[in-house]
Amino acid sequence: MADLSRDDLWRPRDVQRLAREFADLAAAELTRCAGPVRPADFVARTRRLLRHGATPNRLPAAARAVAEAGLHINHPRYMAQQVAAPIPAAALVESLVAALNQSIAVVRMSPAGTLVDRAVLAEFRRRFGYPAAAEGSLVPGGSFANLTALLAARAALAPQAWQHGGGRIAVLAGAQTHYSISRAAGILGLGTDAVFSIPMDGEYRTDAGRAHEAFAAARRAGYRKFVLIGTCGSTSTGSCDDLRALAAVARRERAWLHVDAAHGGAFAFSRRLRAKLDGIGRADSLACDAHKMLFMPLMAGLVLVRRGAFLRRAFSQHAPYLFRGSAAAPAPNVGEFTIACSQRFDALKIWLVEQAYGGAFLGSLIEGVCDAALAAYEHCRRSSILEPAHRPECNIFCFRLRHPPRSAAAADRLHAALEDAVNASGEAYISSTVLAGRRVLRIVVMNPRTTPRDTQAVMKLVERLAVGRRRR
Ligand SMILES: Cc1ncc(COP(=O)(O)O)c(C=O)c1O
């Protein structure tokens, strides 16, 4: 190691070789379709590679060992969580993003990058029917988007809170709302007690018809300012709230309406599925993750606030060494309305993919993963062993045993054991969740290469394992 010189790291020939080797590794992973989804000996392998570490000569080999030991989410039978098998070009351009290493928070630090970032924002603004005055930024995911949107809501409803703290605001959200909403309430100092739950309807959507119950509870607790949360593409079941109905409730109650479309925002790219977002243009703010159903690698979240002034007002810090207004600046400083000071150039992958392949093509990929989930539903409808827990609205589908043990605890244990057995088999990777108080199995199809045959094969695998357990 003592012999290593700075030139060894930057010698063009060696850098090019390293680039090719890493690109080859990434290409193998991106196109993976055989072998176990997770190797059975992943713990032993990982411990072994941690013991061996890496040396300059074994850099790509060490990285390959890490890749091989773990979970292969690019495998078409990985269908566990909302993490995408990335579109290859989007994943491969990441090494350039890292090489450029431009923080797009400050326009002087990344003039071209900020313009590309603004072009991406403008595209999403248009797709969601937001006006030109809407403002937003890319953020590291839906949780940050939800937090940022609630900050903007607080700037609108309790402008003094930024300086003086406080700001008594109630957050009204469907019972299946993602936990990042109540986490944001905690972070903002609104307190998680300020979150009031709205019951779900039979399809696991926020029941707009019962929202008044939560508003009444919040009023009884002394709240007079409200943020109403809608979700398009709920985490557990992918259900989409009736956003028009929620917009009407928000207008009636004078509430700020935030739509968490982290999962379902991608529907804006699909002609067939776009209607699920009807009414989103009336929301005061929204969250959308391109790293979910737009198949971008992590991270690629987005927040938009319809009246952009509230987003700017939400962050009023001075940093004269960074933010200096200039008539010559081609774009605003994104950092003046984001949490981050260093902002990754995540816009590049989204812009490249959308430009190169087109929104309609992305829409067809989204429709494909939803169709694959629907095929699993159709299988369960006909199965004597499994039954659907709901009809999937998108690429998320929950199912359970038709004839579970009578005891709820035993049934929950059996479903958890089946999830573990599927994942240990290496043939597929699934997840589970709790619906109506009971554990159910869950698939999330996040790979455009996953076909209806794949999802049906996974249902058959679950059936085989369930029958095997019964025989024991
Ligand atoms: C509906 C919803 N909102 C927000 C989030 C959080 O997104 P992220 O994981 O990008 O922070 C998720 C994640 O699964 C989600 O499903």
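This is a predicted model: local features need pLDDT of at least 70, side-chain atom pairs count only at pLDDT 80 or more; totals for chains, interfaces and linings use all residues.
Trainee: OK, what volume does the largest pocket have?

Mentor: Its volume is about 840 Å³. On a 1 Å grid over the protein atoms alone, a pocket is an open set of points with protein on both sides within 12 Å along at least five of seven lines, a cavity is a set of points where a 1.4 Å probe fits but cannot get out, and lining residues have an atom within 4 Å of a point. Grid points are joined across faces, edges and corners, and a volume is the space filled by probe spheres set on the points.

Trainee: And which residues are closest to the centre of that largest pocket?

Mentor: Of the 22 residues that line the largest pocket, Phe22, Ala26, Ala91, Leu92 and Glu94 are the closest to its centre. Helix H2 (12-30) gives the most to this lining, with 9 residues; helices (H or I, at least four residues) and strands (E, at least two) are DSSP runs, numbered from the N terminus.

Trainee: How does that lining divide by class?

Mentor: The lining of the largest pocket has 18 nonpolar, 2 polar and 2 charged residues, where Ala, Val, Leu, Ile, Met, Phe, Trp, Tyr, Cys and Pro count as nonpolar, Asp, Glu, Lys and Arg as charged, and the others, Gly among them, as polar.

Trainee: What about the second largest pocket, how much space lies in it?

Mentor: About 470 Å³ of space lies there, and of the 27 residues that line the second largest pocket, Gln82, Ser143, His178, Thr235 and Lys292 are the closest to its centre. Helix H8 (142-157) and helix H10 (179-187) are the elements that give two or more residues to this lining, which by class has 8 nonpolar, 16 polar and 3 charged residues.

Trainee: Since you mention H10, which of its residues are buried?

Mentor: Ser180, Ile181, Ala184 and Ala185 are the buried residues of H10, buried meaning under 20% relative accessible area, exposed over 50% and partly exposed in between (1.4 Å probe, protein chains only). They cover an arc of only 145 degrees around the axis, so they lie on the same side of H10; the arc is that of the directions from the helix axis to the C-beta atoms.

Trainee: Switching topic, which way do the residues of E5 point?

Mentor: Trp256, His258 and Asp260 point one way from E5, whereas Leu257, Val259 and Ala261 point the other way, and all are buried. In a regular strand the side chains alternate between the two faces of the sheet.

Trainee: In what sense do E4 and E5 pair?

Mentor: E4 and E5 pair in the parallel sense over 5 bridges, two strands being paired if DSSP finds at least two bridges between them. Ile229 stands opposite His258 in E5.

Trainee: Last one, how many cavities of 30 Å³ or more are there?

Mentor: A search of the whole structure finds 2 of them. The largest cavity holds about 40 Å³ of space, and its lining consists of Phe269, Leu294, Met296, Ile350, Val353, Glu354 and Leu362. The second largest cavity has a volume of about 30 Å³, and its lining divides into 2 nonpolar, 6 polar and 1 charged.

Key
Residues are numbered from 1 along each chain as its sequence is written. Side-chain values use heavy atoms; hydrogens and water are left out.
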